[in-house]
Amino acid sequence: MGVKMTFYAGNKLPFCQQFNEYDFDVLIGVDGGAKLLIDHGYTLDYAIGDFDSVTVQNATEVVVLPAEKDDTDLQYALSYMIEQYGWENIDEINIFGALNGKRLDHTLCNVWLVFEERFFNVLHKIKLIDDTNTMQFLLPGKHVLTKQADKRYLSFISVEPIQHLTLKNVKYPLLERDLQQSVAYISNEFVDETMCVSFSKGKIIVLQTKD
């Protein structure tokens with residue numbers, strides 16, 4: 001079995017209650033997210049960030065970054081952890097605090113991980129999670145998705161041209177659809193506990209959401 005990693009990024013929002021529903025082997029606090037975790041009683045394996053506004057304790061390893069750099073703290077933390085463990089030894093990467101922050105540019109940067117070549121080998125292992133959304137990234141192939149009990153809606157957003165997109169076991173199915181540009185199929189729904197999505201080319205963002 002590979003490693004399950006959980007990151008908590010700093011976005012100055014209340015603690016994500018969904019966090020308690022996920023287990024992990026390695027816990028990483030990123031900048032303000034490190035303090036938030038510590039304030040809620042967690043001991044970190046890694047604290048990574050520039051920490052220009054927080055002081056970090058209760059972490060096994062602290063990596064202090066310069067305030068001025070090319071990467072965001074989360075981009076650096078993700079790259080650092082992949083380097084430490086090797087992408088082939090990582091099973092899951094769950095990231096909290098990366099959505100719905102006050103900085104829309106930071107949120108878009110986190111979503112745009114899908115375009116970064118350095119994260120390609122772990123892309124299908126990444127989930128961005130908050131209390132109303134779970135986002136994951138799919139590469140070509142056949143994928144079986146399981147419904148999250150507290151989520152109603154299921155959305156598919158292509159981020160580049162797609163070939164042969166098929167959605168089965170959903171309220172609004174598709175069969176062998178080709179997309180020449182980015183398209184958002186939002187507010188679909190499961191009709192059972194699992195559904196199947198398949199395509200032969202491109203990348204797709206999948207979201208399970210609730211109001």
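Helices (H or I, at least four residues) and strands (E, at least two) are assigned as DSSP runs and numbered from the N terminus. The structure is a predicted model, in which local features require pLDDT of at least 70 and side-chain atom pairs count only at pLDDT 80 or more, whereas totals for chains, interfaces and linings use all residues. Residues are numbered from 1 along each chain as its sequence is written, and side-chain values use heavy atoms, with hydrogens and water left out.

By this assignment, the protein chain contains three helices and 14 strands. Its radius of gyration is 18 Å, close to the 17 Å that the globule rule gives for 211 residues, so the chain is as compact as a globular protein of that length; the radius is taken over C-alpha atoms, and the rule is 2.2 Å times the number of residues to the power 0.38. Along the principal axes, the C-alpha atoms fill a box of roughly 50 × 35 × 30 Å. Of the 211 residues, 50% are buried (buried means under 20% relative accessible area, exposed over 50%, and partly exposed in between, with a 1.4 Å probe and protein chains only). Among contacts (heavy atoms within 4.5 Å) with a separation of 6 or more, 60% are between residues 24 or more positions apart.

Strand β9 (residues 153-158) includes L154, which is buried, with a relative accessible area of 0%. Leaving aside residues up to four places away in sequence, L154 touches V170, Y185, I186, S187, N188, E189, F190, M195, V206, L207 and Q208. The C-alpha atoms of L154 and N133, 21 residues apart along the chain, are separated by 9.9 Å.

Helix α2 (residues 73-85) has 13 residues, which should span 18 Å at 1.5 Å a residue, in agreement with the 18 Å between its end C-alpha atoms; the expected span is 1.5 Å times one less than the number of residues. The buried residues of α2 are D73, L74, Q75, A77, L78, Y80, M81 and I82. The helix is followed by G86, whose phi is positive, near 85 degrees.

On the surface, L104, L108, W112 and F115 form a nonpolar patch with about 430 Å² of accessible area together. Areas come from the Shrake-Rupley method with a 1.4 Å probe, and for residues only the protein chains shown count as cover. Patches comprise residues with over 30% relative accessible area and no salt bridge, like charges being joined within 9 Å and nonpolar side chains (Val, Leu, Ile, Met, Phe, Trp, Tyr) within 5 Å; a salt bridge is a side-chain nitrogen of Lys or Arg within 4 Å of a carboxyl oxygen of Asp or Glu. F115 lies in the loop between α3 (104-111) and β6 (126-129) and is partly exposed, with a relative accessible area of 38%.
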